[in-house]
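User: Could you walk me through this model? I'd like to go feature by feature.

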Amino acid sequence: KIGTLIKDSSSKCTFRVTGKNTVALQKAANVKKLNVPTKITYLKKKYMVTSIAPKAFAKNKKMTAVTLPSTISSIGKKAFLGCKKLRIITLKTIKLTTKAVGKQAFRGIAAKATIKVPKKKWNAYKKWLKNKGIGKKVKIKKLQSLMHLADHGFAKFRSFVGIDVIGKFHINGGSNRPVVQTQCVFLNIIGSLIVSFLCNAI
């Protein structure tokens, strides 16, 4: 039923039913870091999280970082009002517009906060974010793609091991004499190291 409030045990947030299969984040959990889910389950039925209600995060005294999923299409007015410790906001969604974001939605977040937005929406988001209550020192950065992180992770691995194009490698600090030569380039080792790096980078 539209208007029903749902307490999600996983995220510890309260959601409100807004449609047949959609909900809005009504009240955020009072935690340091929060990844807003794309979906929640209530009475064996799945609901997609599509919006952030007005004042959903208002005056949250603990939160330092929050991530909004790609399913979010609107953010209510004063949604993050007075979240003085909120330093990192990650917007994965490309669905937001100036009309879909309420007045003073980000007023009162940390003075030197960083807002990360999708690369292809950086120009558009940067324009309207400035009119939604953020301070002059707030930085708006582009979200790095997974491929970019993977490339960076591989470069970091190469700088440590010293792989060349034909598969020879040496440990830095030692001689440049090839220790092993292979066509496989140790894919398993590279894969595990890149995954490890990505986990630490994200």
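User: Let's start with Met48: is it buried, partly exposed or exposed?

Analyst: This is a predicted model, where local features need pLDDT of at least 70, side-chain atom pairs count only at pLDDT 80 or more, and totals for chains, interfaces and linings use all residues. Residues are numbered from 1 along each chain as its sequence is written, and side-chain values use heavy atoms, with hydrogens and water left out. Buried means under 20% relative accessible area, exposed means over 50%, and partly exposed is in between (1.4 Å probe, protein chains only). Met48 comes out at 32% relative accessibility, so it counts as partly exposed.

User: And which strand holds Met48?

Analyst: Helices (H or I, at least four residues) and strands (E, at least two) are DSSP runs, numbered from the N terminus. By that numbering, Met48 sits in residues 45-52, which is strand β6.

User: How far apart in space are Met48 and Gly19, C-alpha to C-alpha?

Analyst: In sequence, Met48 and Gly19 are 29 residues apart. In space, C-alpha to C-alpha, the distance between Met48 and Gly19 is 9.6 Å.

User: How many helices and strands does the chain have?

Analyst: From the N terminus on, the elements run β-β-β-β-β-β-β-β-β-β-α-β-α-α. That gives the chain 3 helices and 11 strands.

User: What kind of ring pair do Phe80 and Phe106 make?

Analyst: Rings of Phe, Tyr and Trp (its six-membered ring) pair if their centres lie within 6.5 Å; planes under 30 degrees apart count as stacked, over 60 as edge-to-face and the rest as tilted. The count by this rule is 3 aromatic pairs. For Phe80 and Phe106 the centres are 5.3 Å apart and the planes are at 10°, so the pair is stacked.

User: Which parts of the chain does the pair of Phe80 and Phe106 tie together?

Analyst: Phe80 counts as buried at 0% relative accessibility, and Phe106 is buried with a relative accessible area of 0%. The parts tied together are 26 residues apart in sequence, because Phe80 lies in the loop between β8 and β9, and Phe106 in the loop between β9 and β10 (114-117).

User: What about the rings of Tyr125 and Trp128: stacked or tilted?

Analyst: Tyr125 and Trp128 are 3 residues apart in helix α1 (residues 122-129), so about one helical turn separates them. Tyr125 is buried at 0%, and Trp128 counts as buried at 7%. Their ring centres lie 5.0 Å apart with planes at 55°, so the pair is tilted.
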